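Please look at the sequence and the model first.

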Amino acid sequence: QEGRFGEVPLKENQIIESIIKDNGKWTGYLTGAAAYNKMGLTTQVANEYTIAAYQFRKPVKKGRIKARFVKAYCDITETNIPLLQLLDALKDIRSIPGTETNTALEIIKVKIEKLSLTGQNKLGRLALNYPPSVRALTGAVLELLNNKQASEKLYKSLNYLSKYILGINEKALPNRDKWKIA
């Protein structure tokens, strides 16, 4: 576009969209600190975007935007993206910048509670593709929300000998002992 003073640069979200969409099809989604900032989990602003994608790609620099890529665990669809971002936040709960683990969990619990029963069940199904610590956290939260169907599937997917050291206290997750979360 041409402005009064010459060419108008693209907005950040337009550049990001050009990276995560290919011919209108989702090939990635925003995750990491930028997504956690939008979710209200941190106040820190990332200088580099993290994008979860199907295939590993080299880091990209478009204008003032730098993006690095990480592996996506599930199918990327427009309806899955908010759920995948919640699961990514649970995966990275110990490393969300500027936020204490238990505080982040409280915020995520509220977001999961706001999901419909169908949304919670879908979150549970998607969590089955994530590492065991994410399955345990997701299952424990869903169990607190009385979603027995989704939490039982997640519980059965875990190794009963494993323990997940995440720095979560009993006040934030009263059923943490059952799920072997510390």
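The model is predicted. Glu17 is partly exposed, its relative accessible area being 42%. Its partner is Lys21: the two side chains meet in a salt bridge, with 3.8 Å from N to O. That distance counts because a salt bridge requires the nitrogen and the carboxyl oxygen to be within 4 Å. Lys21 has a relative accessibility of 26% and is also partly exposed.

How many salt bridges are found in the whole structure? A search gives 5, and the pair of Glu17 and Lys21 is one of them.

Another pair is Asp92 and Lys91, whose side chains form a salt bridge at 3.1 Å, N to O. Is Asp92 buried or exposed? Asp92 has a relative accessible area of 18%, so it falls under the 20% limit and counts as buried. Lys91, at 32% relative accessibility, is partly exposed.

Lys109 and Glu106 are both part of helix H4, which covers residues 101-113. They sit 3 residues apart, about one turn of the helix. Their salt bridge has its closest N and O atoms 3.4 Å apart. Within this pair, Lys109 is buried, at 16% relative accessibility, whereas Glu106 is partly exposed, at 34%.

Note on methods
Residues are numbered from 1 along each chain as its sequence is written. This is a predicted model: local features need pLDDT of at least 70, side-chain atom pairs count only at pLDDT 80 or more; totals for chains, interfaces and linings use all residues. Side-chain values use heavy atoms; hydrogens and water are left out. Buried means under 20% relative accessible area, exposed over 50%, partly exposed in between (1.4 Å probe, protein chains only). Helices (H or I, at least four residues) and strands (E, at least two) are DSSP runs, numbered from the N terminus.
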